[in-house]
Amino acid sequence: MIPEHWLRVSIPLQGLLVLSQLITGLNVDRIPPSTYTIVHIGGGVLLVVLIVIHVVINADWVKKTYRRRS
């Protein structure tokens, strides 16, 4: 299982990756294709992986939150 303190690293990294996706996505014509592939596509894959880890770490909280409302 992934330790919860990993969120302290994961959340800021997710924020930086979202910002990177925005910047590279808006400047696709100005960035060389090889750089774009590494930064935008690679960053997008890493962002998805971090989001999945984030959801796994917080799965218990999500379950508890939705069980109260049902």
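The following dialogue examines how the descriptions of this predicted model rest on computed values.

Mentor: This is a predicted model, in which local features need pLDDT of at least 70, side-chain atom pairs count only at pLDDT 80 or more, and totals for chains, interfaces and linings use all residues. Residues are numbered from 1 along each chain as its sequence is written, and side-chain values use heavy atoms, with hydrogens and water left out.

Trainee: What makes the pattern of the protein chain α-α-α?

Mentor: The protein chain has three helices and zero strands, and reading along the sequence gives α-α-α. Helices (H or I, at least four residues) and strands (E, at least two) are DSSP runs, numbered from the N terminus.

Trainee: Why is Ile57 called buried?

Mentor: Buried means under 20% relative accessible area, exposed over 50%, and partly exposed in between (1.4 Å probe, protein chains only). Ile57 has a relative accessible area of 10%, and therefore it is buried.

Trainee: Which residues of H2 are buried?

Mentor: In H2 they are His40, Gly43, Gly44, Leu47, Leu50, Ile53 and Ile57. Over the protein chain, buried residues make up 20% of the 70 residues.

Trainee: Why is Ile38 called exposed?

Mentor: Ile38 has a relative accessible area of 63%, so it is classed as exposed. Ile38 is also in helix H2. Ile38 and Ser10 are 28 residues apart in sequence, with 20 Å between their C-alpha atoms.

Trainee: Why is Gly15 called partly exposed?

Mentor: The relative accessible area of Gly15 is 40%, so Gly15 is partly exposed. Gly15 lies in helix H1, and 12 Å separates its C-alpha from that of Gly44, 29 residues away along the chain.

Trainee: What is the class of Val28, in the loop between H1 and H2?

Mentor: Val28 counts as partly exposed because its relative accessibility is 36%. The C-alpha atoms of Val28 and Gly43 are 14 Å apart, with a sequence separation of 15 residues.

Trainee: What makes Leu19, Leu22, Ile23 and Leu26 a nonpolar patch?

Mentor: Like charges are joined within 9 Å, and nonpolar side chains (Val, Leu, Ile, Met, Phe, Trp, Tyr) within 5 Å. Leu19, in helix H1 (residues 7–26), has 45% relative accessibility and therefore counts as partly exposed. Together, the four residues of the patch have about 410 Å² of accessible area, by the Shrake-Rupley method with a 1.4 Å probe, where for residues only the protein chains shown count as cover.

Trainee: How does the radius of gyration of the protein chain stand against that of a compact globule?

Mentor: The radius is taken over C-alpha atoms, and the globule rule is 2.2 Å times the number of residues to the power 0.38. For 70 residues a compact globule would have a value near 11 Å, but the protein chain has 16 Å. Along the principal axes, its C-alpha atoms fill a box of roughly 50 × 25 × 15 Å.

How values were computed. Patches are made of residues with over 30% relative accessible area and no salt bridge: like charges are joined within 9 Å, nonpolar side chains (Val, Leu, Ile, Met, Phe, Trp, Tyr) within 5 Å. A salt bridge is a side-chain nitrogen of Lys or Arg within 4 Å of a carboxyl oxygen of Asp or Glu.
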